[in-house]
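I opened my notebook to keep track of what I look up here. Each entry is a short note to myself.

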Amino acid sequence: MLRYIVRRLLWMIPVLLFISIVTFALSHAVPGGPFDREKKLPPEVVANLEKYYGLDKPLYQQYLNYIGNIVTKFDFGPSMRQRGRTVNEIFADHLPISAQLGVLALLVALVIGIPLGIVAALKQNTFWDYLGMGIAVFGVSVPNIVLGPLLIWIFALALGWFPVAGWGKPSQMVLPSIALGLGSSAIIGRLTRASMLQVIREDYIRTARAKGLTERVIMVRHALKNAFIPVATVLGPMFAALTTGTFVVEQIFAIPGMGKYFITSVTNRDYAVVMGTTLLYAVFLVIANLAVDITYAFLDPRIRYT
Amino acid sequence: MNKKFVLVSLLVVVAMLVSACGGGGEKLAKSINLNLGTEPPTLDPGLATDTTSVQCDELLFLGLTDFDDKTLETIPELATKWEVSPDGLTWTFYMRKDVVWVHYDPATKKVTEKGPVTAYDIEYGVKRTLDPVTASDYAYVDYIIKNGQKFNTGEITDANEVGVKALDAYTIQFTLEKPAGYFAGIAGMWVNRPVPREPIEKFGDKWTEPGNIWTNGPYMLETWEHENKMVMVKNPKFFNAKNVSIETINWAMVVEESTAFAMYENGELDVCGVPSADLDRVRADPVLSKELYTAPYLCTYYYGFNNTKPPFDNKLVRQAFSMTIDRKKLVETVLKGGQKPAKTFACPGIFGSPAEDPNFPEIPFDPAKAKQLLAEAGYPDGKGLPEITLMYNTSEGHKRIAEFIQQGWKEHLGVEVKLANQEWAVYLKTVHGPDTPQIYRLGWCADYPDENNWVLEVFHPTLGSNDIKWNNAEFARLTEEAAAASDPAKRKELYFQAEKILVHDEAAIAPIYYYVRVVCTKPYVERTYAPLGGEHIDKWKVKAH
């Protein structure tokens, strides 16, 4: 198992290199640059700025410098929009906040989604099934951009239970975590239901019943553990997506997370930030998928890695 | 006995009144909660380009001059007076002697005086802005200073050749490349503010962080949590500190307008811009409508014509298109935010702008005349026109405006105009590049309230960005002459003529509307409005609430 993990981690290096080359090439291929302004800057000023950020060098050299700085100094370069701030500082300041929000949202998703899916599966085609799946359809169909303001309106403005926005106090974390987690809970709920429905019709469940095991033991020990495999598969990318920052929810609740950098760095052509955020996401995705693969081995004893 | 009782009662009442009034003054709160709207990209005055950074710098750093919020006239700030040589090339500013640098330690809350703000700090600041190593976006503003451009482009390397010199500790002299009647305003701009050499050299790019920064304005920086919040506290060493009422400014950085407005309604913010989607509701609300204020904002929304691309190489076509835009209806039915239909490029409030001059003609909405002009141009009923594209940067708002105007051209001129949009950075490349679209939208906001910042810097064939690819010798002459002239009346007259050529005679562009800011302010806040941005919060008061 350890060898497998080390091998997977080593594979990350060529994957990240490939991603960095493609991202670097694409971000420079798109028309427009970091110094295009509504008020057009004189070419002399642009030349000074390009020199300051090293953009006056040939592209291949810019790329090599970038990778060199990461390898030797773990330096992801400067932001071209916020003078004096580096990508490392942006990560340090905002990633922990996005990660907190993401983990809380994932908890919300699991706490709502899994019971919802189980109940819907066990009570298939009953009122509970329809209710559960109705909630799931609502969760999937109502986008964050609607759900966020709706939650603010009900729970902050009308009822006054929570503050409108911000981050730091526990009371400020409730609404954004729900807004972010509800959509994912719907996905998890539907997936759990489908998976459970499949598993409870398996032979080994019938065997367990025949052995006279209690329904609770059958469901928790036998059915749920196996039904969780497809759920675990989606949890990997979901974890990466939620913890690296989500633009809409962070924007609506004025949370100083990473989400906005994924969007604004592209619109601003803030090259180092585009590269940094993409690589960050890639690292999270690869590691989360690795974690999922490891989880499989625990969930299903037949799965073994060498 | 009775008299005694009355006398004692009276005394008690008077004593109660006096104590209630706190010695006759009104009770004031000491802090205010505001929204910056976004993270300021920098607090370094030499590097600031955007309204958020400028807002912060306005409170932290003084300039030689400032602009009066009401009249927009250039008024003294760090300078007490200034004089100009007869040839208009040498400007000498005499400075206050009671302004000091302060360092604030957020951990101990200790304020340390760091010596007087002198002319040497200004000389250092200007040269630093122009130094190519600093790579300041707005260095070009100082190209008017002698050798400013040469130093910024590396053509000369000796900073001492730049036309700025401290004659003594409190006298600073600028020598210009050519006369510029508007220079007093430029001298006070953020890029020319005094900056402290010691922390800059010690901390490099990090000199603006709390604990590192030295400031000289009415406020000091206590907290800057990036993307989250900023706290400024009153500078007790500020020369006018006794008149600064608000002691703490809590800045939120809420980007989403609707969230910020919900915070305002929830009492978490004291002042807030009103999102356009909420305007109708706010206007109808008995409480909010009283807190609403529509303030001018020195920006103009316009459509530029590429004057070299057919059919807009023909002024008759440009005139016809411009006078088929129903600006009034656009403002009333599409924008609905209190904007004003534009008749000039430079908006009201800008020195030299004829926007409020009754003698300056409106751009008429006259479809009949437009049709006639189009026929005269050789395109009766729009027949024979090449394909026309109107381009804007991708945004719902710009799209709605473009569709309204497109519909008008179709209805009144019979011309089918194609709409196209591009993502912002791509769009800027297209508009600023050699292949500017036939019609494009842009906005222009004042850096300083003078027509030079508008007509010359934007549309002069060689000195401006001139995206419209327009080369009108008379317009160029007028704007150059107005820039150099020192007599305000003469300058106004020249700008009147230049604007007339730009929007009427040649219709090189079609100005559409003047921006406004729609703001709600809680009734307990007594405030001013700065049309240029950079609110003077040191002049505000918050009543106890």
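Before anything else, my rule for pairing: two strands pair if DSSP finds at least two bridges between them. Strands (E, at least two residues) and helices (H or I, at least four) are DSSP runs, numbered from the N terminus.

Housekeeping next. I'm looking at a predicted model, where local features need pLDDT of at least 70, side-chain atom pairs count only at pLDDT 80 or more, and totals for chains, interfaces and linings use all residues. Residues are numbered from 1 along each chain as its sequence is written, while chains are lettered from A and ligands numbered from 1 in the order in which they are written.

**Entry: a hairpin in chain B.** I looked up strand 6 (residues 100-105) of chain B and found that 5 bridges join it to strand 7 (residues 110-116) of chain B, with the two running antiparallel. Asp105(B) has Lys110(B) in strand 7 of chain B as its bridge partner. The hairpin of these strands has 4 residues between them, and there Lys109(B) takes a positive phi near 60°. Strand 6 of chain B also pairs with strand 10 (residues 214-215) of chain B, antiparallel again, over 2 bridges. In that pairing I noted Val102(B) opposite Thr215(B).

**Entry: around strand 13 of chain B.** Which way do strand 1 and strand 13 of chain B run, parallel or antiparallel? Strand 1 (residues 31-35) and strand 13 (residues 248-252) run parallel, joined by 5 bridges. Here Asn33(B) stands opposite Asn250(B). Strand 12 (residues 229-234) of chain B is joined to strand 13 of chain B by 5 bridges too, but this pair is antiparallel. Val233(B) sits opposite Thr248(B) in strand 13 of chain B.

**Entry: chain B as a whole.** I counted 17 helices and 22 strands. The C-alpha atoms fill a box of roughly 100 × 65 × 45 Å along the principal axes. For 545 residues, a compact globule would have a radius of gyration near 24 Å, and the 26 Å of chain B agrees with that. The radius is taken over C-alpha atoms, and the globule rule is 2.2 Å times the number of residues to the power 0.38. I also noted that 47% of the 545 residues count as buried. Buried means 20 or more other C-beta atoms (placed from the backbone) within 10 Å of a residue's own, exposed means 12 or fewer, and partly exposed is in between.

**Entry: where the chains touch.** I found 33 residues of chain A in contact with 39 residues of chain B. Contact here means C-beta atoms, placed from the backbone, within 7 Å. On the chain A side, helix 2 of chain A gives the most, with 5 residues. That side divides into 17 nonpolar, 7 polar and 9 charged residues. For the classes, Ala, Val, Leu, Ile, Met, Phe, Trp, Tyr, Cys and Pro count as nonpolar, Asp, Glu, Lys and Arg as charged, and the others, Gly among them, as polar.

**Entry: two helices in chain A.** Which residues of helix 11 of chain A meet helix 12 of chain A? Tyr261(A), Phe262(A), Ser265(A) and Val266(A) do, and they meet Val273(A), Val274(A) and Thr277(A).

**Last entry: one residue.** Leu150(A) is in helix 6 of chain A. Why is Leu150(A) partly exposed? Leu150(A) is partly exposed because it has 13 other C-beta atoms within 10 Å.
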